[in-house]
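Please prepare a briefing on the structure shown below, covering model confidence, the nonpolar core and aromatic pairing.

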Amino acid sequence: MPTVHDPERKRALVLRLKRVEGQLRGIQKLLESDADCEAVAQQLSAARKALDKSFFAMVGCVIAQGDVPPDDVADMLARFS
């Protein structure tokens with residue numbers, strides 16, 4: 001499987017993942033401070049959606065680069081989404 005070659009797209013993905021990292025740290029703090037389960041669940045859901053968006057942005061990069069045959073991209077989507 002190739003890597004993301006476009007520096008701008010790579011930077012955008014890294015920045016997105018850093019935001020997710022911040023969300024996860026916030027969730028840890030919520031748990032440590034005995035926050036309401038609904039608040040924790042809401043933040044977990046938001047983090048999960050952010051990770052999903054990161055995944056699909058990465059897949060979009062692979063498709064745009066044209067390095068991977070469509071069947072391989074479909075296989076990756078089937079395995080990981």
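The mean pLDDT of this predicted protein model is 92, and 99% of its residues reach 70 or more, where pLDDT is the predictor's confidence in each residue, from 0 to 100. Residues are numbered from 1 along each chain as its sequence is written. Local features need pLDDT of at least 70 and side-chain atom pairs count only at pLDDT 80 or more, whereas totals for chains, interfaces and linings use all residues, and side-chain values use heavy atoms, with hydrogens and water left out.

**Confidence by element**

**Nonpolar core**
- The largest nonpolar core consists of six residues, F55, V59, V62, V68, V73 and M76, such a core being a set of buried Ala, Val, Leu, Ile, Met, Phe, Trp, Tyr and Cys residues joined through side-chain atoms within 4.5 Å.
- Helices α2 (37-65) and α3 each supply at least two residues of this core, and α2 gives the most, with three.
- Leaving aside residues up to four places away in sequence, V59 touches V73, M76 and L77 (contact means heavy atoms within 4.5 Å).

**Aromatic pair**
- One aromatic pair is found in a search of the whole structure, pairing requiring ring centres of Phe, Tyr and Trp (its six-membered ring) within 6.5 Å, with planes under 30 degrees apart counted as stacked, over 60 as edge-to-face and the rest as tilted.
- The ring centres of F55 and F56 are 5.0 Å apart and their planes lie at 75°, so the pair is edge-to-face.
- F55 is buried at 17% relative accessible area, while F56, at 44%, is partly exposed (buried means under 20%, exposed over 50%, partly exposed in between, with a 1.4 Å probe and protein chains only).

Definitions and conventions
Helices (H or I, at least four residues) and strands (E, at least two) are DSSP runs, numbered from the N terminus.
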